[in-house]
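Here are my notes on this model, point by point. Have it open while you read.

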Amino acid sequence: MPEKEGSCAGLNEPRLVVRKFLARPQPEGVGAVVRRSIGRFELRYFDPFLVLDEFSVTAPAGFPDHPHRGFETVTYMLQGAVKHEDFDGHKGTIGAGDLQWMTAGRGIVHSEMPAAQGTQKGLQLWINLSSKYKMIEPRYQEISSKDIAEATKDGIKVRVIAGEALGTKSAVYTRTPTMYLDFTLEPGAHLRQPIPESWNSFVYVLEGEGIFGRSKSTPVNAHHLLLLGSGDGLEAWNKSSKLLRFILVGGEPLCEPLVQFGPFVMNTQEEIDRTIDDFENYTNGFEKARHWRSESGLTLDF
């Protein structure tokens, strides 16, 4: 069942941290390593968020040919580059600081493989879609690093992936209403960021050490996920001597039944069974998968 933290409207007060997880490395794909914080056994689902991975991949490892249906994947590169390719002929490279917001809808088969030397690092977030959008046609929103909206104020820098912060709005359209903000706080900086009261929200720390919720809370360092409780916003402090970088993500809960089988996310077991049949028989959105293979030539089992 979906977690309930943060799903109810609160008073006009900052959200407090109600749960904390350290995302530990685990194998994923073919030879890749991810730190999974949402989608692990302690937190299967945080409505509407299905998975959050901080991934690290070095060639020849990667994420070869695999399908999706019923949700969106948001890939945000932190270092290096990943080559993306799908069965409809859509291909390109997601470089450092770039964003790809992919709506899988009724079905996509694609691959994500290293496109540069060394280690490629990034974040991938899976966002569930409402039942009325699960079978829409796939689409992409791709924004290069130089075109991502940014703002700076009082020692705070934000990259606005989705939503709004410091008076700056993202151009990304979110079918499931979502905010996705990449904050960097200089030493001594203090952030106050509004969050719609009915939304679930979380913080994931990328770099440095920060204090969240209460000014006297214990500092939290990299690779920790913080689930936020009810309230109308987040307060965060950098009381250290180094930069603090974290993402703040929030979304409107769907409050719908959820049945997941690997890369397929639907509302009922019957819909999952139908999806597996569609994929295995190349029908109802998966027709182009019959004769398609990515340049990697590999297929990911699930």
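1. Let's start with residues 180–284. That stretch is 12% helix and 47% strand, and its end C-alpha atoms sit 32 Å apart. The unreviewed UniProt entry annotates residues 180–284 as "domain: Pirin C-terminal". Keep in mind throughout that this is a predicted model.

2. Now the other annotated stretch. The unreviewed UniProt entry gives "domain: Pirin N-terminal" for residues 34–127. Here the chain is 0% helix and 66% strand, with 18 Å between the end C-alpha atoms.

3. On the chain as a whole, I count 1 helix and 26 strands. The radius of gyration is 19 Å, close to the 19 Å that the globule rule gives for 302 residues, so the chain is as compact as a globular protein of that length. If you want a box for a figure, the C-alpha atoms fill roughly 55 × 40 × 35 Å along the principal axes.

4. How much of the chain is buried? Of the 302 residues, 53% count as buried. As for contacts between residues at least 6 apart in sequence, 71% join residues at least 24 apart.

5. A word on surface and charge. The chain exposes about 13,200 Å², and carbon and sulfur atoms supply 50% of that. There are 33 positive and 39 negative charges, and their mean positions are 4 Å apart.

6. Have a look at Ser 201, which lies in strand β19 (residues 200–207). Ser 201 has a relative accessible area of 0%, so it counts as buried, the cut-off being under 20%. Leaving aside residues up to four places away in sequence, Ser 201 touches Arg 15, Phe 46, Ile 195, Leu 226, Leu 227, Leu 228, Val 249 and Gly 250.

7. What does Met 179 touch, not counting residues up to four places away in sequence? Its contacts include Ala 162, Gly 163, Gln 193, Pro 194, Ile 195, Pro 196 and Trp 199, and also Leu 248, Val 249 and Gly 250. Ile 195, Val 249 and Gly 250 are also among the residues that Ser 201 touches. From Met 179 to Leu 43, 136 residues apart along the chain, the C-alpha separation is 20 Å.

8. Please check the cis peptide bonds. One joins Asp 47 and Pro 48, with omega about 10°; Pro 48 lies in the loop between β3 (32–38) and β4 (49–58). Another joins Ala 59 and Pro 60, also with omega about 10°, and Pro 60 lies in the loop between β4 and β5 (63–68).

9. Finally, some backbone angles. Asp 154 is not a glycine, yet its phi is positive, about 50°. Asp 154 is found in the loop between β13 (149–153) and β14 (156–162), and it is exposed, with a relative accessible area of 64%. Cys 255, again not a glycine, has a positive phi of about 55°. Cys 255 is found in the loop between β24 (244–251) and β25 (259–261). With a relative accessible area of 67%, Cys 255 is exposed.

Notes: Residues are numbered from 1 along each chain as its sequence is written. This is a predicted model: local features need pLDDT of at least 70, side-chain atom pairs count only at pLDDT 80 or more; totals for chains, interfaces and linings use all residues. Side-chain values use heavy atoms; hydrogens and water are left out. UniProt positions are given in the numbering used here, feature names are shortened, and annotations may be inferred rather than shown by experiment. Helices (H or I, at least four residues) and strands (E, at least two) are DSSP runs, numbered from the N terminus. The radius of gyration is taken over C-alpha atoms; the globule rule is 2.2 Å times the number of residues to the power 0.38. Buried means under 20% relative accessible area, exposed over 50%, partly exposed in between (1.4 Å probe, protein chains only). Contact means heavy atoms within 4.5 Å. Accessible areas come from the Shrake-Rupley method with a 1.4 Å probe; for residues, only the protein chains shown count as cover. Lys and Arg count as positive and Asp and Glu as negative; His and the chain ends are not counted. The place of a charge is taken as NZ of Lys, CZ of Arg, CG of Asp or CD of Glu.
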